[in-house]
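Here's a quick briefing for anyone meeting this structure for the first time. Have a look at the sequence and the model, then read on.

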Amino acid sequence: AIDPQFHENREQVDEHEGHVVWGPVDEPEELGIHGTHVAVDFDLCIADGACLEDCPVDVFEWVETPGHPESEEKADPTHEAQCIDCMLCVDVCPVDAIDVDAG
Ligand code: SF4
Ligand code: F3S
Ligand code: ZN
């Protein structure tokens with residue numbers, strides 16, 4: 001599962017579509033965590049898609065990740081600022097790849 005303390009245990013190494021990427025990153029095998037309020041561990045995501053289907057405010061968008069061992073697309077929290085903290089995505093992800101900091 002995603003480390004809920006990732007913001008303490010990892011470093012910001014990049015930005016993507018306006019959100020932080022938390023390392024380590026070593027493309028294409030290691031992609032890190034995307035987002036902060038809504039954080040998706042790209043190295044765990046298997047492209048199940050339940051988060052995209054269930055999010056009531058469309059926070060996620062698919063991003064292509066060719067060559068990653070778990071899946072070749074990931075749910076990117078492109079619109080994390082729209083999140084209403086319903087926690088549905090956290091509940092439905094089969095590999096616990098998502099952390100939402102509801103404060
Ligand atoms: Fe969407 Fe709810 Fe997840 Fe926020 S917590 S990203 S609103 S499903
Ligand atoms: Fe990935 Fe989990 Fe969503 S596997 S696509 S983050 S439901
Ligand atoms: Zn991203």
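In this predicted model, β1 and β5 (61–64) each give at least two residues to the lining of the largest pocket. Strands here are DSSP runs of E with at least two residues, numbered from the N terminus. A pocket is an open set of points on a 1 Å grid over the protein atoms alone, where a 1.4 Å probe fits and protein lies on both sides within 12 Å along at least five of seven lines; lining residues have an atom within 4 Å of a point.

**The largest pocket**
- Its volume comes to about 250 Å³, counted as the space filled by probe spheres set on the grid points, which are joined across faces, edges and corners.
- There are 15 lining residues, and H16, E27, L31, H34 and F42 are the closest to the pocket's centre.
- β1 provides the largest share of the lining, with four residues.
- Sorted by class, the lining holds eight nonpolar, three polar and four charged residues. Ala, Val, Leu, Ile, Met, Phe, Trp, Tyr, Cys and Pro count as nonpolar, Asp, Glu, Lys and Arg as charged, and the others, Gly among them, as polar.

- H16 is partly exposed, at 22% relative accessible area, while D76 is buried, at 2%. Buried means under 20%, exposed over 50% and partly exposed in between, using a 1.4 Å probe and protein chains only.

**The sheet**
- Five strands make an open sheet in the order β1-β2-β3-β4-β7, with antiparallel pairing; two strands pair if DSSP finds at least two bridges between them.
- β1 (12–16) and β7 (98–100) are at the edges with a single partner strand each, so one side of each has no neighbour in the sheet.
- β4 (residues 38–41) and β7 are joined by three bridges, and A39 has D99 as its bridge partner.

**Reading notes**
- Residues are numbered from 1 along each chain as written, with chains lettered from A and ligands numbered from 1 in written order.
- Local features need pLDDT of at least 70 and side-chain atom pairs pLDDT 80 or more, while totals for chains, interfaces and linings use all residues; side-chain values use heavy atoms, leaving out hydrogens and water.
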